[in-house]
Amino acid sequence: MRWRWTNPLTKMKVKQQLILLFLILVSPVFLLNFYANMKAEEILKRHVTNAYVELNKQNFTIINRDIDTISKIMNTIIVNPVTQTLQTGGDDIVTRVQKYSTADRLLSTYSSSVTEGEAIAYYLYIYDPNGDYSFAPNTSIRFKGGGVFFYNDRNRQDWMTEAAERKGKGYFRVFEPRSLSLTQPTLAYVRAVNSTAEGNKVIGVLIAINMNKKMQQSLQTITLPDNGEIFVTDYANRILASSVHDAIIGQSLELPPELVTGDDPDGTVDEISAGYIYVEHYNYEAQQKLIYKIPTRSLLQQQNELKRVIATISIVYSVFAMAVMAYFWRSLLTPMQKLAVFTRSYEPGRPLPHAPAKDRNDEMGVLIHSVYGMASRLNALIEDRYLLEIKQKEAQLQILYQQINPHLLYNTLESIYWKSSLEGNSESAVMIKELALIMRIGLSRGRELITLREELEHARAYMNLQQIRYEYEFRLTWSIDESALDCLIPKITLQPLLENAIIHGVRNMADDGEIAVSVARNGDRIAIRVEDNGYTEPDYGLIRQLLEGERADTPSGYGIFNVQQRIRLHFGQGYGLQYSPREGGGTVVTIGLPAREQEEQHV
């Protein structure tokens, strides 16, 4: 036998094929990402921890050195005799004017130029409670070169009080434009001026403005890759100075929550977040932080080696993935496309094309042949339904033809009844009238269920005919529960039972025969009893078999079997006929029905 190669994947489930395809396609991606992330992490960590951390520390030292320079100048101004003697009392007006002029020239000599036409300017505010220097100009920074101003308790500002509380320790403060008649926010270095003669007595406040420009001048000497940003902030992350020209002094700098300032007096932390590298050096005593914000793409662009590795793997992976996808396309998608064309073009009832050969054992093969088989069965079902509808229409026509004869007979009986009444044949007229009533209720306008009231009228009409026929040789009694008259019952249910009671019970008993019909309602059930005192005991076992359809070979009993089947078809197996012997002789037939009224039939 010649060996023939078969596709091994066709013996697998489609789910297994998809899992295999997923593993084949995704595994290289996972390996590539793991390798790339590992290399990128090593490179970023090396750059952050070695280069930028050290650079940040050095720049922080340079900035502190500039601050120390300003602080030393302020010490020189504070201890200068000109400054210390400004608050001395007892001088005449000429002496006070000379002191003021000398101090003003002293401050202007220490002003130093920074950037953009700005300069570090020093402003001395001397406490003058007695108004000795009322001739001096009001407090204003419009004098850009610095100056001496005086204040008293009425125009003392909060920052003056704060500086006095710090007892000569300098600190940075952001002044808004409205506080010192500025055109824009500025960073100032503030120190209280203590009297050298009287110890801790505060005689004024000295501030140096445009410190943000001074820091910015220092930050411009720092070069970060890819336009990295540098910020000097306080511990509340308010910007004190920045290399970014549009940064607003005093505005809060948004930092990633993972960048947490340490509890040490001095330290450095770093974090990679949202496409940036953050390097922060902090100093608790100065309450300052120097922060680098460097885009990570600048570092990733330097990793040419990693890029070459990723590119090589990606090319190999792409070629491999294309080959795998081409194989699966031929194995799975092509048959699915053919099946889709078939399902779109198929119309129920039309002849089917030739089904494909059964050469696949996977779900795709099962699906193809199931669809073709379903279409074939659907065509057969449509054909069967078409034939059934034809037969149903033929049966409906036959029924309509058959209903003409009973109506014709009923109308004819009515005519005979009136004719007999007019001719004086009253007994014949009564019999004809009862027969007409039997015919009318039997028709019931095509209804299968009628009210118990109508069924009893039918039964009375039938029994009236029978009593006339047998010359009233048996007695008939009725005991009816009025609450049950509107309940439903299959039509012509009592007539076969009454006929059996006459023929098999009281027919040969002359005047001793008795038939009793009773109706009782008990909750949601109705019990109808037909009793006779016939002396011949029936075979109750045979009757039970007839009722259950177990003796189809016997010609007798069709009437009660018909009644039993119609009751159960309408109401279920829990209802029907039950035969039992009557106490004192005879037979009792009990009909069990549900107490269902006319309205419930349409629900």
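Here are a few worked exercises on salt bridges and backbone angles in this predicted model.

**Exercise 1.** Find out how far apart the closest N and O atoms of Asp153 and Arg156 are, and how accessible each of the two residues is.

*Solution.* Start with the distance: the closest N and O atoms of this pair lie 3.0 Å apart. A salt bridge needs a side-chain nitrogen of Lys or Arg within 4 Å of a carboxyl oxygen of Asp or Glu, so the pair qualifies. Next, look at accessibility. Asp153 has a relative accessibility of 51%, and the cut-off for exposed is over 50%, so Asp153 is exposed. Arg156 has a relative accessible area of 32% and is partly exposed. To put the pair in context, the model has 12 salt bridges in total by this rule.

**Exercise 2.** Work out which parts of the chain are linked by the salt bridge between Arg521 and Glu597.

*Solution.* First check the contact: the side chains of Arg521 and Glu597 meet with an N to O distance of 3.4 Å. Then place each partner. Arg521 sits in strand E15, residues 513-522, while Glu597 belongs to the segment after strand E18 (587-594). The two residues are 76 residues apart, and the pair links distant parts of the chain.

**Exercise 3.** Decide whether Glu531 and its salt-bridge partner Arg529 are buried, partly exposed or exposed.

*Solution.* Begin with the bridge itself, where the side chains of Glu531 and Arg529 meet at 3.1 Å, N to O. Now take the residues one by one. Glu531 has 18% relative accessibility; buried means under 20%, so Glu531 counts as buried. Arg529, at 33%, counts as partly exposed. Elsewhere, salt bridges with shared partners join Glu162, Arg166 and Arg173 into one network.

**Exercise 4.** Locate Gln287 and Ile492 in the chain, and describe the phi angle of each.

*Solution.* Take Gln287 to begin with. Its phi is positive, about 55°, although Gln287 is not a glycine. Gln287 lies in the loop between strand E10 (276-283) and strand E11 (288-295), and is partly exposed at 34% relative accessibility.

Now turn to Ile492, another residue other than glycine with a positive phi, here near 55°. The loop that holds Ile492 runs between strand E14 (488-490) and helix H11 (494-506). With a relative accessible area of 30%, Ile492 is partly exposed.

Conventions:
Residues are numbered from 1 along each chain as its sequence is written. This is a predicted model: local features need pLDDT of at least 70, side-chain atom pairs count only at pLDDT 80 or more; totals for chains, interfaces and linings use all residues. Side-chain values use heavy atoms; hydrogens and water are left out. Buried means under 20% relative accessible area, exposed over 50%, partly exposed in between (1.4 Å probe, protein chains only). Helices (H or I, at least four residues) and strands (E, at least two) are DSSP runs, numbered from the N terminus.
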